[in-house]
Amino acid sequence: MKIGFYLRLALLTLGVVTLSGCGSIISRTVPGAGHGNQYYPGVQWDLRDTPWRYLTVIDVPLSMVVDTFMLPFDMRHGPYE
């Protein structure tokens with residue numbers, strides 16, 4: 001019984017880690033996805049106006065954490081275009 005619990009917990013953790021910062025990664029790596037945003041481009045990517053906005057809003061807290069860690073790099077890099 002405990003093995004099933006730990007397996008579910010491991011799969012949930014793997015899913016969260018895999019999906020965390022997705023907007024942050026997309027906005028920095030896909031050309032044109034940053035839309036010229038220099039600060040917190042991942043959060044702005046998650047909140048863009050698309051049919052998927054209700055699903056991507058789940059990623060906002062995780063993107064905010066990743067974007068905060070990337071803030072020193074973003075200050076030197078300039079807008080993502």
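## A tour that starts at a buried pair

Select Asp67 and Arg28: both are buried (under 20% relative accessible area with a 1.4 Å probe, protein chains only; exposed is over 50%, partly exposed in between). You're looking at a predicted model, where local features need pLDDT of at least 70 and side-chain atom pairs count only at pLDDT 80 or more, while totals for chains, interfaces and linings use all residues. Residues are numbered from 1 along each chain as its sequence is written, and side-chain values use heavy atoms, with hydrogens and water left out.

Now zoom in on that pair. Asp67 and Arg28 make a salt bridge, with 2.8 Å between the closest N and O atoms (the rule: a side-chain nitrogen of Lys or Arg within 4 Å of a carboxyl oxygen of Asp or Glu). Asp67 is in helix H5 (residues 60-69) and Arg28 in helix H2 (residues 22-29), so the bridge ties together parts 39 residues apart in sequence. Helices here are DSSP runs of H or I, at least four residues, numbered from the N terminus.

Asp74 belongs to helix H6 (residues 71-77), 46 residues from Arg28. Shared partners join Arg28, Asp67 and Asp74 into one network.

Next stop: Trp45 and Arg48. The charged end of Arg48 sits over the Trp45 ring, 3.8 Å from its centre (for Arg, CZ within 6 Å of the ring centre and within 35 degrees of the ring normal; for Lys, NZ).

Finish at Phe5 and Tyr6, which are both exposed.

Methods:
Helix = DSSP H or I, 4+ residues; strand = E, 2+ residues; numbered from the N terminus.
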